[in-house]
Amino acid sequence: SDSSTLTKNRRPTVNNFNKQRPAGRKEASNATPNFALLPHPIYLKESVTIIMCTTPPSSSYQHMSPPPSRTYPNMTKGSSFVPLPRPSLRAQKQRLTSILLDSATTLFVLYFLYHNPNYLNPWSLPNATLWLGGFILIRCAIAFYDHLVVCLIDSCFKCKVLPTREPGAPPVRYVELDTRSLVYLSLNAFNEYAFVMRLTHYLSQGGMFQALPLKLSEVSLGNTLLALGIIFVSMDMLYAPLHHLMHLPSLYPLIHKHHHRQHFPTRGYLDAGNEHPIEHMIGIICVWFALMTAELMMPSLLCLGDKLWYEDAGLSVLSSPSEWVRGGGVHAITAFIFFQLHAALAMMNHSPYDVQFSLPLIGSTKLFGKETQPVKCIEKIPWVGLRLRRLVIGEWFHYSVGYHEMHHRKFNFNYGQYCMWYDLWMGTFLEYEGPLRAKELEAKKLKSKAK
């Protein structure tokens, strides 16, 4: 009989699953579970857990109604109702900690804005109408830019979609925007507006030391291309460790977990900006850090170059300490280009398109090759040989949307945003994997263990 079979196996199979459902839940038994349609093995455990949670643990399916002494909402006479399991003590503690963190953050923001009202209005706009008009203008510009990036990728560059989104691949999980997501996107929109106003005001005032060049006649190779490279590298140097920090078990459910609701990002800006406001502020801090690092580093490099040049020529040169950090090493056009590229790359990281490229000169395997004699000699250097090899052939400077998709699919890998230098150094880099079924993944694990 079915009951004896269930008692023997202690778990219903897919074939006899519907036969063992109670009479009061016939409407839920019509849909037969189809594990072949699961998008990724990571969800197989979740699906089985959901099925088993809706099934009573005992072998007797005749005693599913609650005790007469207890009542439950939405329960009618004669119906079978299984109450939801009570959250664990750990889940309750995380929920309480999250509420305390959000409350403390809200109070701090209100206190800061009360004592620094110019933070949201650095241009000192005279009335709220102009301020709201600027906000609407920025939102329209971001929406247009998001669609422009998708149009260029799809129509002009003819980029293909990632293998997980190709026709015939197992379907991927798509998560709709819930109320919390809409609240976070709204709060982050105001924060972005404040950042845009502060950035433009910062550039108009000449930067940190009022020395940032604004005229076209002041454009040079140093304050454009070289400064742009310093900005991108310093951005990832700070963002990747902070991103890794947000994945710690004690912090992940409080801040960064919401951003990982979408395991296969596809909405561009909406998936990129759908994050906790604390995480959004961390990203803005990284942008300011990168801009100011290049602004201070470029004059220091030029001062160092002049000092070495004059010393080689046998001349003496005097330089005050202020000359090493006098600022002005980034042109305003460079800051504008970086902001546009940063926004475009963030949107592409959360899109379904297979976009990837390497930086020229530094990071091109076509120029250096992977099996040349200099590369083989570099590999033999003790301790740092493999890391230097990756630097020379450009693996640390390779951008790929697939890398970030792997981070959303397998959370503990690929913390970098533009290049994977941090992950290659820390051992958290993971190559892109196409859609694999459970049997293929198991075979791959056994093969790796055999090696």
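Helix axes here are lines fitted to C-alpha atoms over the stretch in contact, and the angles between them run from 0 to 180 degrees, taken between N-to-C directions. With that in hand, let's walk through this protein, keeping in mind that the model is predicted.

**The overall picture**

The protein is built from 16 helices and two strands. Of its 451 residues, 37% count as buried. If you take the contacts between residues at least 6 apart in sequence, 75% of them join residues at least 24 apart.

**Two helices against H10**

Two packed helices are described by the angle between their axes and the distance between the axes. Helix H10 covers residues 332-349, and here is how a pair of helices sits against H10.

| Pair | Angle between axes | Axis distance | Crossing |
|---|---|---|---|
| H6 and H10 | about 40° | 10 Å | right-handed |
| H5 and H10 | roughly 160° | within 10 Å | right-handed |

Start with H6. Angles under 35 degrees count as roughly parallel and those from 65 to 115 as roughly perpendicular, so at about 40° H6 and H10 are oblique to each other. On the H6 side, the contact is made by Asn223, Thr224, Ala227, Leu228, Ile231, Phe232 and Met235. H10 answers with Thr334, Ile337, Phe338, Leu341, His342 and Leu345. Sorted by class, that contact holds nine nonpolar residues, four polar ones and no charged ones.

Now for H5. The axes of H5 and H10 cross at roughly 160°, and that makes H5 roughly antiparallel to H10. Phe195, Val196, Leu199 and Leu203 of H5 meet Ala332, Ala335 and Phe339 of H10. This contact has seven nonpolar residues, with no polar and no charged ones.

In soluble globular proteins, nonpolar side chains tend to be buried together. In this model, the largest nonpolar core has 50 residues, and Phe195, Ile231, Trp288, Leu291, Met348 and Val355 touch the most other members. H4, H5, H6, H8 and H10 each supply at least two residues of this core. Which helix gives the most? That would be H8, with ten residues.

Setting aside residues up to four places away in sequence, Trp288 touches Phe195, Arg198, Leu199 and Tyr202.

**A cysteine in H8**

Cys286 lies in helix H8. Is Cys286 buried or exposed? Its relative accessibility is 0%, so Cys286 counts as buried. Leaving out neighbours within four places in sequence, Cys286 is in contact with Met235, Leu238, Tyr239 and Leu242. Take Tyr239: it is 47 residues from Cys286 in sequence, yet the two C-alpha atoms are 6.1 Å apart.

**Two loop residues with positive phi**

Most residues other than glycine have a negative phi. Ser124 has a positive one, near 55°. You'll find Ser124 in the loop between helix H3 (89-115) and helix H4 (128-156). Lys158 also has a positive phi, of about 55°, although it is not a glycine. Lys158 sits in the loop between H4 and helix H5 (179-204). With a relative accessible area of 61%, Lys158 is exposed.

Key
Residues numbered from 1 in each chain as written. Predicted model: local features only at pLDDT ≥ 70, side-chain atom pairs only at ≥ 80, totals over all residues. Heavy atoms only, no water. Helix = DSSP H or I, 4+ residues; strand = E, 2+ residues; numbered from the N terminus. Buried < 20%, exposed > 50% of the residue type's maximum accessible area, 1.4 Å probe, protein only. Parallel < 35°, antiparallel > 145°, perpendicular 65-115°, else oblique. Left-handed = near helix turned anticlockwise from the far one by under 90°. Contact = heavy atoms within 4.5 Å. Nonpolar A, V, L, I, M, F, W, Y, C, P; charged D, E, K, R; others polar. Core = buried A, V, L, I, M, F, W, Y, C linked by side-chain atoms within 4.5 Å.
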